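Dear colleague,

Please find below the structure that I am handing over to you. My notes on what was found in it follow directly after.

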Amino acid sequence: MDSIVLLVFRIGLLVLLWLFVLMALRAMRNDVKVAAGPVATGAGNAAPRSRAAAVVPGRREAARQLTVVDGPLTGSHMEVATLSEVVLGRSPESDFQVGDDYASSRHARLFRRGSDWFVEDLDSRNGTFVGGYRIDQPERVGVGTDIKVGRTTVRLVP
């Protein structure tokens with residue numbers, strides 16, 4: 001009788017482990033679906049939801065300036081045409097100071113790869129947002145794309 005109880009316990013434990021594995025796989029699949037973007041459900045959702053949604057495919061202008069469009073230092077700008085990398089942050093050691101208490105001292109890095117610009121978050125507390133979506137890996141940004149650092153919004157302009 002003891003061996004039957006032990007066998008049933010082993011089988012029950014194995015079933016529970018497989019249920020846990022299947023639930024974990026289901027959660028990962030749902031996360032991949034969310035990261036891949038939404039499925040259009042109607043005419044109201046015609047705008048794309050990708051993080052690079054503000055990048056217009058036909059628009060291949062070269063970025064000349066990085067400009068603060070919203071925040072404490074609105075109107076500040078920096079020439080980036082000859083630079084390959086710019087660190088955005090609150091610290092005086094940052095290449096581009098945003099003057100925002102909600103930005104980290106080294107908040108984000110804007111860098112060029114070929115003719116494209118990318119932005120990556122430098123483990124900031126409040127995160128970096130591109131086109132309204134929080135990023136966790138380097139994202140391509142084009143001319144006119146909003147990059148939110150703390151409460152400050154910066155933009156690459158021609």
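A salt bridge, as the term is used here, is a side-chain nitrogen of Lys or Arg within 4 Å of a carboxyl oxygen of Asp or Glu. By that criterion, the side chains of Glu85 and Arg109 form a salt bridge with an N to O distance of 3.0 Å. This pair links distant parts of the chain, with Glu85 in strand 3 (residues 85-89) and Arg109 in strand 5, 24 residues apart. Helices (H or I, at least four residues) and strands (E, at least two) are DSSP runs, numbered from the N terminus.

Two remarks on the source are in order. This is a predicted model, in which local features need pLDDT of at least 70 and side-chain atom pairs count only at pLDDT 80 or more, while totals for chains, interfaces and linings use all residues. Residues are numbered from 1 along each chain as its sequence is written, and side-chain values use heavy atoms, with hydrogens and water left out.

Overall architecture

The protein has 1 helix and 11 strands, and the order from the N terminus is α-β-β-β-β-β-β-β-β-β-β-β. Of its 158 residues, 28% count as buried; buried means under 20% relative accessible area, exposed over 50%, and partly exposed in between (1.4 Å probe, protein chains only). The accessible surface comes to about 10,500 Å², and 58% of that surface belongs to carbon and sulfur atoms. Accessible areas come from the Shrake-Rupley method with a 1.4 Å probe, and for residues only the protein chains shown count as cover. Among contacts (heavy atoms within 4.5 Å) between residues at least 6 apart in sequence, 43% join residues at least 24 apart.

The helix

The unreviewed UniProt entry annotates residues 6-25 as "transmembrane region". UniProt positions are given in the numbering used here, feature names are shortened, and annotations may be inferred rather than shown by experiment. In the model, this span is 100% helix and 0% strand, and its end C-alpha atoms lie 29 Å apart. A nonpolar surface patch of about 1,200 Å² is made by Leu6, Phe9, Leu13, Leu14, Leu17, Trp18, Phe20, Val21, Leu22, Leu25 and Met28. Of these, Leu22 lies in helix 1 (residues 2-36). Patches consist of residues with over 30% relative accessible area and no salt bridge; like charges are joined within 9 Å, and nonpolar side chains (Val, Leu, Ile, Met, Phe, Trp, Tyr) within 5 Å.

Salt bridges

The whole structure contains 4 salt bridges. Arg140 is partly exposed, at 31% relative accessible area. Through shared partners, Glu85, Arg109 and Glu120 are joined into one network of salt bridges.

His107 lies in the loop between strand 4 (96-97) and strand 5 (108-113). Why does His107 count as buried? Its relative accessible area is 0%, and the term covers values under 20%. The His107 side chain reaches the backbone oxygen of Gly127 at 2.8 Å and makes a polar contact of 3.4 Å with the side chain of Thr128. A polar contact is a pair of N or O atoms within 3.5 Å; within protein, one must be able to donate a hydrogen and the other to accept it, and residues adjacent in sequence count only if both atoms are side-chain atoms.

Ser124 belongs to the loop between strand 6 (116-121) and strand 7 (128-130) and is buried at 8% relative accessibility. A polar atom of its side chain lies 3.1 Å from the backbone nitrogen of Gly127. Beyond residues up to four places away in sequence, Ser124 touches Ser104, His107 and Arg134.

Ser104 is in the loop between strand 4 and strand 5 and is likewise buried, at 19%. The side chain of Ser104 reaches the backbone nitrogen of Arg125 at 3.4 Å.

Yours sincerely
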